[in-house]
Amino acid sequence: AAETNIFSQRSIEELLGIDGKYDTHPVLMSAAELEKLGRFVKELPLLEARFKIKILPNDFNVPEEEKEMKHRAAGNFIGSRYILSIAHFAQNPVYNLDTPFGAIPIPIEIKERKIFVFISGREFALREIKIDFEQDWALFEIPEELKGKYLSSKIGESSELKPGHFLYFIGCPFTDGTLLRSGIVEADSFE
């Protein structure tokens with residue numbers, strides 16, 4: 001005798017609270033959706049902020065010289081013209097003297113900051129549209145030759161999220177490459 005599934009697809013979706021809007025858990029995704037997510041992760045733009053700094057006079061015998069510092073972050077294509085990212089990677093760096101007792105910040109002057117994106121093994125300069133360090137977001141315009149060539153992210157409304165929705169978090173922590181994590185919304189408010 002053939003097995004009978006007492007749950008219809010609709011009743012399973014109702015049981016899991018699936019409404020189709022933010023339900024992208026691998027179990028609930030089609031092969032085409034998983035392929036698109038894989039392509040999205042591969043095309044995730046890697047941003048780099050480059051700073052030219054000058055070490056200022058200090059009490060720790062660190063020579064006054066010019067140096068270059070770099071910070072990296074992942075971004076997301078928005079529409080066909082922009083990249084959205086965190087802002088703190090582009091914030092003014094701190095130059096530390098490492099000691100056995102911990103790091104000591106050394107005073108520096110920022111001479112220059114430029115933002116670049118790495119895509120398909122190539123590097124492109126980005127134009128800064130807005131950086132909001134307080135809310136930790138940054139928006140950059142991509143060069144003309146890249147416009148419309150990559151998958152863009154769809155911006156959702158956080159107010160529409162409900163417990164049970166699946167989410168993916170994609171980033172570039174500590175410049176160690178792309179990290180993909182999944183999670184489930186557990187509550188609709190924070191206390």
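Predicted model: local features only at pLDDT ≥ 70, side-chain atom pairs only at ≥ 80, totals over all residues.
## The chain as a whole

The chain contains two helices and eleven strands. Along the sequence, the pattern of these elements is α-α-β-β-β-β-β-β-β-β-β-β-β.

Of the chain's 191 residues, 30% count as buried. Among contacts between residues at least 6 apart in sequence, 59% join residues at least 24 apart.

Strand β3 covers residues 82–85. Its covered face holds I83 and S85, while Y82 and L84 are on the uncovered face.

Strand β2, residues 66–78, pairs with β3 in the antiparallel sense over four bridges. The two strands form a hairpin with three residues between them. In the turn, G79 has a positive phi of about 60°.

Strand β3 is also joined by four bridges to strand β9, residues 137–141, and these two strands run antiparallel as well.

## Residue N76

N76 lies in strand β2. Is this residue buried, exposed or partly exposed? Its relative accessible area is 25%. Buried would require under 20% and exposed over 50%, so N76 counts as partly exposed.

N76 and L46 are 30 residues apart along the chain, and their C-alpha atoms are separated by 9.1 Å.

Notes:
Residues numbered from 1 in each chain as written. Heavy atoms only, no water. Buried < 20%, exposed > 50% of the residue type's maximum accessible area, 1.4 Å probe, protein only. Pairing = 2+ DSSP bridges. Contact = heavy atoms within 4.5 Å.
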